[in-house]
Amino acid sequence: MAGNIVCLRGWHPALAKAELESLFPQNQSVQLESPRLVMLEGEINLKQATINVNSSSGIQALLTNCIIMDWDDNDNSKKQFIQNVGMMIEKSSNSGTIGVFSWRQEGRIDGLSSSELASSIGGIASELGYSINLDNPDHKIGIMLDGFSKKVVCGWMLDANMDSSGLSSRRATERPFFKPISLDPKLARLAVNLAGGPIDERIILDPMAGTGGFAIEAATMERNTIAVDMEKEMVDGTIKNLEWALENPKSTIEVIQGDATKLSQYIPKRWHGKISGVVLDPPYGRNSHGTVSHFELLKNTLLSINQVCSKDANLVLILPIKPIKIDYNNQLKDESSIKLLHGDWDDFRTMLTTSGWNIKGKWSEHVHSSLSRLILHATIVPQD
């Protein structure tokens, strides 16, 4: 038995692992041989874990009480695996109907069919007295075949996020108000979770809301959300997009026209000190602050955030950079290779520190041949 195994999505496993760690702060994550397989150590609250999985962008499924095997291309592997899974089902206290679901990731495992394996496991469950229901089962068994590591994993599956939380339906081009610079919802949602951690009553703040991509993802997770922008067009557009995305909001959502460098003047006092996560994708090129340099605008914004956020706040900041070499796990290793499109990396890092923030993690996402994004995770420096 291998405890809890998390299957990550393939678009950016390193970022997905960081999101996982943010959503499960009480658990230790251990990377397995595949970039998309992580063991989650320690006890988990199944109800909260289900919310976390279904709210995530990078988590595809969480399997509990797992069987995990290195697969050899022979009949003995299959027999042993099915026998082990049968023991897992037999020892369980679950009752009612069962659905068996299988999928592949990172290529194929030669000589192994996920559907045939699922059929065999379903047969074992039937022999043990369970009724099979694939539409709305009381319990789910997940079987994952990882071609990268040649591992096969099976466990009781929480409500898996197979449709990626409906992100495709919220693409920027589907919204009533959008600009070409709008972030992909999958990155916006991941940034919100990375900054905000487990969903609670505290606030997610986007001080430069633009078209509202961060606010949409935060609000659809029922997070309390504040979006601020200096331009009335963006404020009106964000409100329109939120109304489009949410028929019946179940959390507090405030969209405010205001200056990101003077947040304490615009954010209601009742929210001061209750902002746990800040997401920031600042505008580049011509900005609404006229002649203010990008670094100066960022510095003033970060200092302004400090005045309203909680003492344990997290920040996710997205910056345009020149394309950069990354490892197979999409992880940045060499900091000296970061080339900002606007300004010098060493100067930026100094500015971030003097503004009261410490870098916790950084990743790159490829956009096109001349542009990548730096996704930077920072924590606030405790104030005396």
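Contact means heavy atoms within 4.5 Å. The model is predicted.

**Threonine 301**

By that criterion, and leaving aside residues up to four places away in sequence, T301 touches P207, M208, A260, T261 and L280. T301 belongs to helix α9, which spans residues 294-306. The relative accessible area of T301 is 0%, so this residue is buried. Its side chain also reaches the backbone oxygen of L297, at 2.8 Å.

**Helix α4**

Helix α4 comprises 14 residues, 114-127, and its first and last C-alpha atoms lie 20 Å apart, close to the 20 Å expected at 1.5 Å a residue. The buried residues in α4 are S114, L117, A118, I121, G122 and A125. They cover an arc of only 140° around the axis and therefore lie on the same side of α4. The face turned away from this buried side carries S119 and E127, which are exposed. Just after α4, G129 adopts a positive phi of about 100°.

In soluble globular proteins, nonpolar side chains tend to be buried together. In this model, the largest nonpolar core has 37 residues, of which L205, I267, F348 and W357 touch the most other members. At least two residues of this core come from each of β9 (203-206), β10 (224-229), β12 (275-280), α9, β13 (309-321), α10 (345-354) and β15 (371-380). Strand β13 provides the largest share, six residues. With residues up to four places away in sequence not counted, I267 touches L205, I226, V228, I256, H272, I275 and V308. A second, separate core has 23 residues, including M88, I109, A118 and I141. A118 is also among the buried residues of α4.

**Cysteines**

Which distance between cysteine sulfur atoms would qualify a pair as a disulfide? The cut-off is within 2.5 Å. By this rule the model has zero disulfides.

| Cysteine | Nearest cysteine sulfur | Distance |
|---|---|---|
| C7 | C66 | 7.7 Å |
| C154 | C66 | 7.6 Å |

Because its relative accessibility is 0%, C7 counts as buried. C154 is likewise buried, with a relative accessible area of 0%.

How values were computed
Residues are numbered from 1 along each chain as its sequence is written. This is a predicted model: local features need pLDDT of at least 70, side-chain atom pairs count only at pLDDT 80 or more; totals for chains, interfaces and linings use all residues. Side-chain values use heavy atoms; hydrogens and water are left out. Helices (H or I, at least four residues) and strands (E, at least two) are DSSP runs, numbered from the N terminus. Buried means under 20% relative accessible area, exposed over 50%, partly exposed in between (1.4 Å probe, protein chains only). A polar contact is a pair of N or O atoms within 3.5 Å; within protein, one must be able to donate a hydrogen and the other to accept it, and residues adjacent in sequence count only if both atoms are side-chain atoms. The expected span of a helix is 1.5 Å times one less than its number of residues. The arc is that of the directions from the helix axis to the C-beta atoms. A nonpolar core is a set of buried Ala, Val, Leu, Ile, Met, Phe, Trp, Tyr and Cys residues joined through side-chain atoms within 4.5 Å.
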